[in-house]
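Work through the exercises below with the sequence and the model at hand, and try each task before reading its solution.

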Amino acid sequence: MFPTYDVIVVGAGHAGCEAAVAAANMGSHVLLATMNMQTIAQMSCNPAMGGVAKGQIVREVDALGGYSGIVTDHTMIQFRMLNKSKGPAMWSPRAQSDRMRFAELWRLKLEAHPRIDFWQEMITGILVKDKRAVGVQTGMGIEIPAHTVVLTNGTFLNGIIHIGEKQFGGGRAGERAATGITAQLESLGFESGRMKTGTPPRVDGRSIDWSVMEEQPGDEKPGKFSFTDTPALQKQRPCHITYTSPEVHDLLKEGFDRSPMFNGRIRGTGPRYCPSIEDKIDRFSERDRHQLFVEPEGWKTCEVYVNGFSSSLPEDVQFRALRKIRGFENAKMFRPGYAIEYDYFPPIQLKANLETKLIDSLFFAGQINGTTGYEEAASQGLMAGINAHLRHADSDPFVLKRSEAYIGVLIDDLINKGTDEPYRMFTSRAEYRILLRQDNADLRLTPRVAEIGMLGLEERLECVRNREEDVLEIHRFMRKYSVDPSKINPFLDAQGSAPLKQKVKLESLLIRPHITLSALCGALPEAQQVLGKYGEETLELAEVSMKYAGYIKKEEELVDKMNRLEDVHLHPDFDYDLPSLSSEAKEKLTEIRPRTIGQASRISGVSPSDISVLLVHVGR
């Protein structure tokens, strides 16, 4: 009935969709298995992509040939570049999406791919032979053979939904949990754990008084995620902001005795940086209000997402408290918020290519690894899909360094440090974040993925080469063009910047604080005549690379130093029972089995003196 697939992907959430596309675009014949074809690429929580550090990840996924950025650009209803008041390393794109159109377009793109097949059924086990994954088994007992398997089960592994004192099995509202896989993996020697996440109630937008809320519009000139020629956003829908109050908090506290979070029924650890409203009230009792973002779910639907009001309290408590929020006095609730507990597998059980250490050709991606967020899941799915193909092709794994991508930071953190709470990416996690900006992801990563043979990148590579050449031309012009004081001093005076006394190169003006390239072009018609032919993104990239050249060079020097440690390889069977190593280092190094000295240096509990001992023993 089935051929032997090159790659089987289990689960069709954000990780699964990107895994299927990545493997297929590498040339593999892929089967995407899901319990429900109608929920492919479902936005289970908020209808948005991107955000702080997450936006950088989406752009990296796009630069690596993934589809998340393209689908977002085609279906977004609002775009904002966050942190524009800070330095460019912090700028992070974020988009509100049309939930229904997002999932629909993802499915259509997957169905249009000639190397992707589908099967709708629960996968209850992995076929294993000689410690190698060789396929999957379905709930009906069907065995489907494959050379590699990628698990992207999201929150479905033994999922339990909690609403007050009620609890029932489920992987998402209205959908059953997935069973069988956890027990099998544990029998094979894998360690598992439990995590928790949650979602807020959904509300009828027709019952909300929008006039009393603070409107939050999109950017005046909206950007986009994909480096391909996706359409520009012509119109936008606003979001709104409102706040809780002491009265709301008091009403919510009435349900604390029935809260599964406080009475011990929820054992899993919840996300530190996206707590439920009851958790916020409990942990931050000194605050008399919390901000809520009221987000539309699409262009035409009246369904609204109340961001910041995630809750597992009884539905009657949620409803009464909701109606005390300004603007929600007459609100109608479509469904209450809930918490969900699910199984995950601590990611220190993975290699750097996301293949498991215990079972060859078996890969994990997404929330099964303890992460949270669509973006983190999508990036892992993409890397697992690429590496599943390379594993079948018996090629070297594709691994991104921390200095190459936020995706490299994410995976490196997971496999070396593990996580006992839902992992979320932040810019602060990346030590080389001025190199890993959202504006240069294509220059960093598209050539890398082309080197390993991803198909259909010819136009992308040409765009990268053209963009690099355009930036160099802008740099050459800025360093060559001299500015006359009489022409520029009125502009400088208006900007509160010191006037010129003699001619200077245009570059020296650009590096001044608060002076932008677009403003200089507006003040100098000669510069506008030359630079006006370049796109806004290219001009911004050239400006950032000139303004922050010193910082960029310093980070590149740090990367060179670290790469020397990355070039010192450790044998997989290295004996860490060395008398000079600390006990903790012996334990962690033996458990994780780092590939290089650089990786060893990032393992929690391994000290600089331990690294010195290792360098001596490998002859360095």
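**Exercise 1: a tilted ring pair**

Tyrosine 551 counts as exposed, because its relative accessibility is 54% and the class begins over 50%. The model used throughout is a predicted one.

Task: Classify tyrosine 548 by its accessible area, and decide how the rings of tyrosine 548 and tyrosine 551 are arranged.

Solution. Begin with accessibility: tyrosine 548 has a relative accessible area of 25%, so it is partly exposed. Turn next to the geometry, where the ring centres of tyrosine 548 and tyrosine 551 are 6.3 Å apart and the planes stand at 45 degrees, which means that the pair is tilted.

**Exercise 2: an edge-to-face ring pair**

Task: Describe the aromatic pair of phenylalanine 190 and phenylalanine 345, and state where in the chain each partner is found.

Solution. The structure holds nine aromatic pairs, and the one formed by phenylalanine 190 and phenylalanine 345 is edge-to-face, with 6.2 Å from centre to centre and 85 degrees between the planes. This pair links distant parts of the chain, 155 residues apart: phenylalanine 190 is in the loop between helix H5 (181-187) and strand S12 (193-199), and phenylalanine 345 is in the loop between strand S19 (338-344) and strand S20 (362-364). Finally, follow the ring pairs onward, which link Phe190, Phe345 and Phe364 into a cluster.

**Exercise 3: the buried face of a helix**

Task: Determine how the buried residues of helix H4 are placed when seen down its axis.

Solution. Helix H4 (residues 99-111) has 13 residues and reaches 19 Å from its first C-alpha to its last, close to the 18 Å expected. Its buried residues are Arg99, Phe102, Ala103, Trp106 and Leu110. Seen down the axis of H4, these buried residues fall within an arc of 90 degrees, and therefore they line one face of the helix.

**Exercise 4: the surroundings of a glutamate**

Task: Is glutamate 421 buried or exposed, and with which side chain does its own side chain make a polar contact?

Solution. Locate the residue first: glutamate 421 is in the loop between helix H10 (406-417) and helix H11 (441-451). Its relative accessible area is 17%, so glutamate 421 is buried. The side chain of glutamate 421 makes a polar contact, at 2.8 Å, with the side chain of arginine 272. Residues that glutamate 421 touches, leaving aside those up to four places away in sequence, include Met195, Thr269 and Gly370.

Notes:
Residues numbered from 1 in each chain as written. Predicted model: local features only at pLDDT ≥ 70, side-chain atom pairs only at ≥ 80, totals over all residues. Heavy atoms only, no water. Helix = DSSP H or I, 4+ residues; strand = E, 2+ residues; numbered from the N terminus. Buried < 20%, exposed > 50% of the residue type's maximum accessible area, 1.4 Å probe, protein only. Polar contact = N/O pair within 3.5 Å; in protein donor to acceptor, adjacent residues only side chain to side chain. Contact = heavy atoms within 4.5 Å. Expected span 1.5 Å × (residues − 1). Arc of directions from axis to C-beta. Phe/Tyr/Trp six-rings, centres within 6.5 Å; stacked < 30°, edge-to-face > 60°.
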